[in-house]
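Please look over this model with me.

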Amino acid sequence: MDKQSTGRKMSGGGTTGALLYAVSAAVLGMLQFGFNTGVINAPREFIENFINENYSVNSGTVFSVIVSIFAIGGMIGCPLASWIADKRGRKFALIVNAAFGVIGAVFMGFSKVSTSLAMLIIGRFLIGINCGFATTASPTYVSEVAPVRLRGAFGTVNQLAVAFGLVGGQILGIDVILGSNEGWPWLLGLAIVPSAVQCVMLPFAPESPRYLLLVQRDEEQARRALTKIRGTTEIDDEIKDMHDEDRAEKQEEKFTVGDLLRMESLRTPMIIGIVMHLSQQLGGINAVLYYSASIFVSTGLTERDARLASIGVGSMLFIMALVSIPLMDRLGRRTLQLCGLGGMTLFSILMTIAFFTYENNTTMSVFAVLFTLLYVAFFGVGPSSIPWMILSELFGQGARSAAVSVGALVNWFANFIVGLTFIPLSDLLGNFVFLPFTILLIIFFAFTYFKLPETKNRTIEEVTALFKK
């Protein structure tokens, strides 16, 4: 390709109304993921009251199931999204996912009036499928409709949507809005809004041109969709690039999940990727996201103040998502991951100290909240996003899909373990509840320091060569 056409490719492909519309429709699924992660936090007391009034069971244990069944749905949603997206298209997959969201929200919203704990659990499970589905389908669609030079920027929109949904769920959960005995079914049922809006928007969004061209082999439809998204008919370079990518991909040897375990050159980066995903979840972040209101109450805050303080958790994640964007390529993945894990370790220790000294000490109650927010801030520096991107940078094209699928499954399973065990762990360990997470964070930090290579400014070939030596 000559210099003139290269310059044309790099300079062309800006934002258009059609592109912004398509991306907005897709990332509502990630907003849904953030919303349903954060929304379960505030109404714990009222949901447990509902359980106690109608069932002779341990409400704390059942609430743990309600929280964690979300992750089981996520484990199912991830591979289901990949299968449907490849068989029927990215847009169709997103529409199917929106339907899961609507049904799940209806089940949760009507669970109290129906006096049905089963409806609440099933609704949480279906919304989990919806969110697992979204974590696969939405980034895939966004990356395929975005211009190459803006793909990174549009990729961060997914993380921002998650953080925005998290904050929104926590704000709506305060007592003066929907954080009440009457309001909690409405709070959970509001999950219908993003999915319903998606159902309206997605039929008018274009299909992924890459899917149309390389999977459907319909170049005419692909050109039509790409022309609409780019707002120009000068798309020959991009169509050619897709064909070149396809030819290169076909020449790559394909690897299965079994190959990742058998071959040492694949097994080592797979272990690194799995540990990175485990560090995201088993460092305790979802204990804070799911149960921050309960944690803050245990430090001496009132129920109302604890819910208000929880809004700071989501807000901190949103701010750090913005801050980490320019740092990612400037400081590198390894540096940010080490910085994040180190900061989380320090502040989880300080949180434990604060838990022991808050009684009759308002200052330490404030510090306990502050340490929790700083713990969340350091999570946002690296561990919130790097595990999701590192596997695509450690593997070549032939093994990448299998590796990313394993990583996502491990992540959701670890999410399930934390959601299910935190309440029993808190009952058992009391003020020492974050000690197991602290120990794991130290292990993850040491593993990252010795095993994770820096991928910044390195080609895939250079990275994969490190594991063949």
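Numbered points follow, each on one feature.

1. This is a predicted model: local features need pLDDT of at least 70, side-chain atom pairs count only at pLDDT 80 or more, and totals for chains, interfaces and linings use all residues. Residues are numbered from 1 along each chain as its sequence is written, and side-chain values use heavy atoms, with hydrogens and water left out.

2. Val 106, Phe 110, Val 113, Ile 192, Val 193 and Val 197 make a nonpolar patch of about 470 Å². Patch residues have over 30% relative accessible area and no salt bridge, and nonpolar side chains are joined within 5 Å. Areas come from the Shrake-Rupley method with a 1.4 Å probe. A salt bridge is a side-chain nitrogen of Lys or Arg within 4 Å of a carboxyl oxygen of Asp or Glu.

3. Helix α9 (residues 192–201) gives the most to this patch, with three residues. Helices are DSSP runs (H or I, at least four residues), numbered from the N terminus. Ile 192 lies in α9. Ile 192 counts as partly exposed because its relative accessibility is 30%; the class runs between buried (under 20%) and exposed (over 50%).

4. Now the second largest pocket. Its volume is about 230 Å³. The lining includes Val 106, Phe 110, Val 113 and Ile 192. Trp 186 and Lys 112 are also among the lining residues. α5 (90–109) and α8 (184–189) each supply at least two lining residues. A pocket is an open set of points on a 1 Å grid, with protein on both sides within 12 Å along at least five of seven lines; lining residues have an atom within 4 Å of a point.

Technical notes: Patches are made of residues with over 30% relative accessible area and no salt bridge: like charges are joined within 9 Å, nonpolar side chains (Val, Leu, Ile, Met, Phe, Trp, Tyr) within 5 Å. Buried means under 20% relative accessible area, exposed over 50%, partly exposed in between (1.4 Å probe, protein chains only). On a 1 Å grid over the protein atoms alone, a cavity is a set of points where a 1.4 Å probe fits but cannot get out, and a pocket is an open set with protein on both sides within 12 Å along at least five of seven lines; lining residues have an atom within 4 Å of a point. Grid points are joined across faces, edges and corners, and a volume is the space filled by probe spheres set on the points.
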